[in-house]
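Biologist: I have a model open and I want to learn how to read it. Where do we begin?

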Amino acid sequence: MSLPAVERTLIVVKPDAVARGLVGEIIGRFERRGLKPVEIKMQTVSKAKATQFYIVHKDKPFFGDLVSFISSGPSVGVVLEGRDAIALVRRVIGSTKSWEAAPGTIRGDFATGLLDNAIHASDSKESFDWESKTYFS
Ligand SMILES: Nc1nc2c(ncn2[C@@H]2O[C@H](COP(=O)(O)OP(=O)(O)O)[C@@H](O)[C@H]2O)c(=O)[nH]1
Ligand SMILES: [Mg+2]
């Protein structure tokens, strides 16, 4: 069988995980899994940038909370490169809801709530293109 293509994806270590000192632990998990960081940026995103970043969720009832949370403190965005990176990273991060995330996944080990679930990751090539352009602008 042929190997899956090399792709790029974006992860963002959310403010809850940065505040708890988990940046190295979380990025390290991807490195140990063979994914290579190719760009990295730490920032407190503005509400305007957060609104653009999460635009896909604009009609959700929790949109305002999402924008407030991601802009509440420093976060760290990392572009990761590797084979099948988009799907692989989603498996490594685990389920959205902290209480459903399997132990051994990043959220299963570190998420404490629904907004404070430690990490964001792009879920498609299209979302990677939009989210990386926005986060690194
Ligand atoms: N307050 C609230 N936040 C939510 C809800 N669903 C998702 N979120 C948050 O919104 C983020 C984006 O949602 P989604 O794209 O569906 O999940 P993800 O791709 O796994 O991060 C999640 O990581 C959660 O922090 C909800 O029903 N209520
Ligand atoms: Mg998502």
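**Cavity, sheet and pocket**

Modeller: This is a predicted model. Begin with its largest cavity, whose lining consists of Val45, Lys49, Ala50, Phe53, Ile70 and Tyr135.

Biologist: What volume does the largest cavity have?

Modeller: About 40 Å³. A search of the whole structure turns up one cavity of 30 Å³ or more.

Biologist: Which element gives the largest share of that lining?

Modeller: Helix H3, residues 47-53, with three residues. By class, the lining of the largest cavity has five nonpolar residues, no polar ones and one charged.

Biologist: Now the sheet. How do I read strand pairing?

Modeller: Strands of a sheet pair through backbone hydrogen bonds, and the pairing is parallel or antiparallel. Here, four strands form an open sheet in the order S2-S3-S1-S4, with antiparallel pairing.

Biologist: Which strands stand at the edges?

Modeller: S2 and S4. Each has a single partner strand, so one side of each lacks a neighbour in the sheet. On average, neighbouring strands of this sheet are turned by 20 degrees against each other, direction ignored.

Biologist: How many bridges join S1 to S3?

Modeller: Eight, between S1 (residues 6-13) and S3, running antiparallel.

Biologist: What about S1 and S4: how many bridges do they pair over?

Modeller: Three, in the antiparallel sense. Valine 12 has histidine 120 in S4 as its bridge partner.

Biologist: Why is S3 called largely enclosed by the rest of the structure?

Modeller: Count its buried residues, taking buried as under 20% relative accessible area. In S3, residues 75-83, seven of nine are buried, so the strand is largely enclosed.

Biologist: Which helix lies across the sheet strands S1, S2, S3 and S4?

Modeller: Helix H2, residues 23-32. H2 runs at about 10 degrees to S3.

Biologist: How do the lining residues of the largest pocket divide?

Modeller: Into 11 nonpolar, six polar and six charged. Go back to His120 now: this residue is among the closest to the pocket centre, and histidine 120 is also the bridge partner of valine 12.

How values were computed
Residues are numbered from 1 along each chain as its sequence is written. Chains are lettered from A and ligands numbered from 1 in the order in which they are written. This is a predicted model: local features need pLDDT of at least 70, side-chain atom pairs count only at pLDDT 80 or more; totals for chains, interfaces and linings use all residues. Side-chain values use heavy atoms; hydrogens and water are left out. On a 1 Å grid over the protein atoms alone, a cavity is a set of points where a 1.4 Å probe fits but cannot get out, and a pocket is an open set with protein on both sides within 12 Å along at least five of seven lines; lining residues have an atom within 4 Å of a point. Ala, Val, Leu, Ile, Met, Phe, Trp, Tyr, Cys and Pro count as nonpolar, Asp, Glu, Lys and Arg as charged, and the others, Gly among them, as polar. Buried means under 20% relative accessible area, exposed over 50%, partly exposed in between (1.4 Å probe, protein chains only). Helices (H or I, at least four residues) and strands (E, at least two) are DSSP runs, numbered from the N terminus. Two strands pair if DSSP finds at least two bridges between them. Axes are lines fitted to C-alpha atoms, for helices over the stretch in contact, and angles run from 0 to 180 degrees between N-to-C directions. Contact means heavy atoms within 4.5 Å. Grid points are joined across faces, edges and corners, and a volume is the space filled by probe spheres set on the points.
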